[in-house]
Each structure stands twice: as structure tokens, then as C-alpha cells.
Amino acid sequence: MFRGEVIERVITLGFYYRELERFAAKSRNLSWIRSSNESPLSRATEILKGKKVKPSVYRRALSNGIVEVLSVYRSAVLHIEQILLSDSLPVLATVTQGLNKFFVLLPPLYELILEIERNHIYGGRLLNLLHKRCHCGVPELQTCIQRLLWHGHQVMYNQLTSWMVYGILHDQYGEFFVSRQEDSDSEHDSPANTLEKLARMSTNDVSLTDWHLGFHISLDMLPEYVPINIAESILFAGKAIRVLRNPSPSVQFHGASSHQSIQKGSQRVQGFTGRISLQKDSSVETTLTGEELLPQAEADKIEVMLQELKDSSEFHKRSFETAVGSIKAIAANHLWQLVVVRADLNGHLKALKDYFLLAKGDFFQSFLEESRMLMRLPPRQSTAEADLMVPFQLASIKTIADEDKYFSRVSLRMPGVTVKSSHVELPKTKAYSDGDSGVKLDTSAGMSIDGWDGIALEYSVDWPLQLFFTPEVLSKYLRIFQYLLRLKRTQMELEKSWASAMHQDHSDFAKRRSDGINSSISQQRRQRFRPMWRVREHMAFLIRNLQFYIQVDVIESQWNVLQSHIQNSRDFTELVGFHQEYLSALISQSFLDIGSVSRILDGIMRLCLQFCWKIENQESKDSTAGLEHIAEEFNKKSNSLYTILRSSRIAGSQRAPFLRRFLLRLNFNSFFETTARGVLNVVRPRPTLASTMI
């Protein structure tokens, strides 16, 4: 009985050998390597129909390792045969002794290939399975599985070399953990969604499309022993190398930090490009090559690091992570050189600050003054954008110097103009007629006061700055710009209303004095409207302080922080993070991310504009009643604003470090605190204009 069991065990080794050899032969069969002209769709269709097993380079690598084990097995069998032929030894004992270690190796290998075929395991999942099987208590089996894993890692390192040295994704069968975005989207997104994503890029540059939408981490193929942050570093390094090795051929640089010519495929819809033409630089235009952006010595250094990992007999996680970190640092540094030094990133950041954050206050002051009468009317659906071009050009002629090489990148837009109805009574004006008809527009009817809030700026961004100024980043700048422009417009209207009223008052006084009329009527008129000017002063006080807080305490302080980071950093990824923090700080400290505060501020600015426009109808009794209502609403909203901002949730947090200064300026004489407490604790009847503000 014992003899039979031994013979049966030996025979079972033959079965294991046959099955392992079958798996190796099938996986190593090169007939599945197709010609390049065969479409991936036809291959996928055949796989789904069951005609072909999905090919896998990782299974082929595993099969190479299994073939090594089987060759050792065959050598052992031949050695036993030679011994038995030369000496008259006990056959069964000799065979058992010679094949003893294979009783330990072949059964687990057979179970391994069964699991692989049953669960259709390939790619990164195959590496994961082998890595788990390495942890066993049998030294011979552990060594064998580690050798199989080494074969699998050879494929992974080849793919890493292709990706991180040349920027080429060599993954014909979707087994690498870096994969093309469209492969994933095809399974989950409709074609319309994919087209929408590509349309948002607004660029014809393939490298930019690859950077933003081209590649992603496939978690299904990511081995568990490779952390996600390391995988993201690999993804970034490959994308960076891809950009550096394939610079846009249409972009030329003047020296190290000058302006680039504006492309038709840049990130804006064609619009007003301004009166200013680009200044010719005395330096010679140079077209960049991949060799200049990524020297061959640096590429060789990356390849050497990966080759050292490849030659190692075991996978060392710490060495792998260190090498990936070093490669990422090299790629990030050269990308920093391209974007910051060659493409003049800081100059463009300054331009965005000048125009989107209203740092060029004289330009926007001039623009708002030139367009003031135009903005008293609702925007016309078909010509609103063209109507704004005239004051925009006039303002640029007055305030923008010819040396400003960035202004030509700025264009004015009025997207999605919608005319809303409101009950605001606007003054009649003769300043804006419809075409050449000479028909004066009467704006005393209900018109929109919000239509011009949609004024937008667009900034033309060329390669490679589109890697930094993504559409999401530019949309944040636009959001801040529209908020600041409304604020500046409100401040200007409050100032103009005071200047206009004082001019009218002085004119009336001079006329009555020259005509010898008693000035008691003028005195009564002044007395009657004195509370109204108190309301205007309170409005201007709040708006001025809010504007000072945003422009000085928020924008300038955060700009200085960003500049410090730019000076000290040599890493592109760090700069992207610093810039995101900069924009997030601007939005949060300006309260744009707090819905309740944003709505109150919008309401306050709307009330201020209504107040200014109603002043021009101050002789009307209806207008006086409207002013009282505006004064009451402004009082409520300003007190609510102060109450929210001084709450511990906002004022006590780190989100707005300079908020206390703003509150101190508002409440320097405890007026806001007193009135806010009264609003919270006392229910009062609606006051008249005089009793509210005196």
C-alpha cells in the first residue's frame, strides 16, 4: 500500500508538469501578437465572443518563469535516469529522493495557474497575486514564487522605462496601472460626455489634451504594494516627460522670459484683442526642441535608476519609492524651468492680478466711467458685447501703455446676456440711442440692474502655460473678477451720486443768488434730503472698507505669500499647489464660498445701485418712499452682515486672518455693534428715512 501511494505521487507530478507546460505554451504563444493595422475594437469583439483569450504580456512573463521551473524538473528527471542506468539502486527510492522538492513546488504552481485562469487574472492583478503568494513558510516555494514575481516585474519596469524616460505608454492590452483616459471613459461615459470634456479644453494641442484628459491611474491594475501617492508620482513624471519631449512646434520664445505669440488654438474664444500690437523683441526667436527641455544626460540618469531596480533579484519597496521620488523631482524641475523661466509664469500671474483682480485700478476706473451711462440701461441681447468694446478701447487708450505686452491677451465678453425685469425706476437718459434711429430710450420702466453683472474677461494662454492655467483655474479668476468689478462699480456710483448732487446744489444756489430769489426754499430742500445723504455715506463707508479689505488685506497679502513660494520653489507640482492655495485663500477670505454672506453682499450692492439711481428722481414722492424702503433694507442687511462676520465660526477661524481688522474699521465707534444688537433683540416698526439714519 505504501508503495502504491508513492507511485501515485510520482505520477501526479507528471500531471502537474503537463498542465503547467500547457499553460506556459498557451501564454507564450506569439500568434496573438497582431499587426498594427488591426483595430482594437475587432480584438475586443473577438474576446467577447470567446474566440480568443485576452493576451497578456504579464502572463507571458509568468510563463517564462514557469518554463524555468519545468526545465529544472526535466533536468532532475534526466539526472535520475542517468543514475538508475549507471547503478543498480532502488528505483522508487531514487526517484522519490530526486524529485522530492518538486512535491513541494508543482502542486502550489498548479493551484496558482488554476486561479489565474479561473478568475481571468492578468496585469497588475497578477503581480498582486504573486506578491501575496510569496509570503509562505516553505523556503523553496517562496524562492520559486519570488522568481516568478521577478519575471512579472521585468515587464513592469520595461513599461515604467518607456513611460518615465520617453513619455510613451507601452501597454497594448491594458495591463499597466497608468492607462489612457478614453479607455476608462468608454466603459462609463457616453460619447457626448467625452466630447464635452475635450471641448472644454478649447485647444488643438494634443499634448495639452493628454496632460489634462489623457491619462489616469487604473486602480484595478495597481498592485497593493505600490502606494497611490507613488502611482500618482509615476503618472505625473510620465506626463511631464511627455510634454518635455514633445514641445508645441508653433510656440517660440524670445530669450528666457519674454512674451509668446498668441495662437488661434489658445484657451479663449476669439474676441477683442485690443489696439496694442505685440512689441518686437530684439532677441532672436528660437523654437524649442525636446533635447533642450530634457537633456539626454537627465534621461540617461532616469534610465539608470530604473535599470538598477530591474536588475535587483527582489523588489524593495523603499528603493522603489526613492527612485520614483527622484525621477519625479527631475521631471518637475525641468517642467518648472519650462513654465516659470522660459514661459514667464510670474509675468502672466502679474497680468492676471492686474486685470482679473483689478490691480490696474486706473484702467477699470476709466472703463466704468466710460461705460457708466451705457450700464444705466439693460444690456441688449445681440449687441451688448460690441457696445462694451467702445468704452473698453477708450479706457485702454487712456491708461494702458504700449509696453504692456499682456493686455493683448485680455478680451471682454458678455456671455449669456439675459434681460431680467425689476421694479427699479431708472432715470431717463439721452446718452444711449438704439442705432442711428435717433429714438431716445425711456428707461423709467422696470429694467434689469443685474444684466451687466455678467461682464467677463478672458485671458489667452499659450503652450505650455495651459498646463498651469487650466480652465478651472481661469474660472476661479473670473469669479473673483466679477465680484470685484461689481464692488468697484458700486463704489463709483456712490461717489458719482454725491458729486452730481453737490454740483446740482451749487448750481441751484448760484442761480437763485443771481436771480435774487429767497434761498429759504433751497435750505428747505437741503434739510429734506439731508437724511438721504447720511444713508449714502453709510453705504459708501461699508463699500469702501470692504473694498480696502479685499484689495489690501486679502489680495496683496496672499500675493506676497505666493511670490515668496515662487522664489523658493523649483518644483512644478509645488507651484501648482501654491497657486491653488492662493486662489482658495482669495475666494474664502472674500467670503465667496459662504452662501449667506455672498447673498447679503450682493443684496447690499444692489441696494446701493438702486439708491444712486433713485436719487436722480428725488423730486418724486414715489422716489422718496422708495428711498425709505432702500434705507430700511440696507440697515437690515448691513447689520446682518456684521453679525455673521463677527461670529466665532468665521472671525475666530483661520480662514480670514485679517477679518478682525475689517470688523474694527467698520465698528470703530461701536455703531454697527449697537445697531446689530438692536436688530437682533428688538422688533421695531418700519422707520421712516429720517428716523432711521439720523
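I began with E370, which is partly exposed at a relative accessible area of 30%, where buried stands for under 20%, exposed for over 50% and partly exposed for the range in between, with a 1.4 Å probe and protein chains only. The residue sits in helix α16 (residues 361-370); helices are DSSP runs of H or I with at least four residues, strands are runs of E with at least two, and both are numbered from the N terminus.

The model is a predicted one, in which local features need pLDDT of at least 70 and side-chain atom pairs count only at pLDDT 80 or more, while totals for chains, interfaces and linings use all residues. Residues are numbered from 1 along each chain as its sequence is written, and side-chain values use heavy atoms, with hydrogens and water left out.

Staying with E370, I looked up its contacts (heavy atoms within 4.5 Å) and, leaving aside neighbours within four places in sequence, found P391, L394 and K398. With K398 there is a side-chain to side-chain polar contact of 2.3 Å, a term for a pair of N or O atoms within 3.5 Å where, within protein, one must be able to donate a hydrogen and the other to accept it, and residues adjacent in sequence count only if both atoms are side-chain atoms.

Next I turned to E298 in helix α13 (residues 296-311), which counts as buried because its relative accessibility is 18%. Not counting residues up to four places away in sequence, E298 touches I330 and H334, and its side chain is joined to that of H334 by a polar contact of 3.1 Å.

For salt bridges I used a side-chain nitrogen of Lys or Arg within 4 Å of a carboxyl oxygen of Asp or Glu, and the count comes to 24. R125 and D220 form one of them, with the closest N and O atoms 4.0 Å apart. R125 lies in helix α6 (residues 124-133) and D220 in the loop between β2 (215-217) and α11 (228-245), so this pair ties together parts that are 95 residues apart in sequence. Another joins D462 and R409 at 3.1 Å between the closest N and O atoms, and both of these residues are buried. I then noted that salt bridges with shared partners join R18, E19, R22, K26 and E117 into one network.

I looked at helix packing as well: the axes of α14 (residues 317-342) and α21 (residues 572-589) come within 7 Å and cross at roughly 65 degrees, the axes being lines fitted to C-alpha atoms over the stretch in contact, with angles from 0 to 180 degrees between N-to-C directions. The contact is made by K328, A332, L335, W336, V339 and V340 of α14 together with F572, T573 and L575 of α21.
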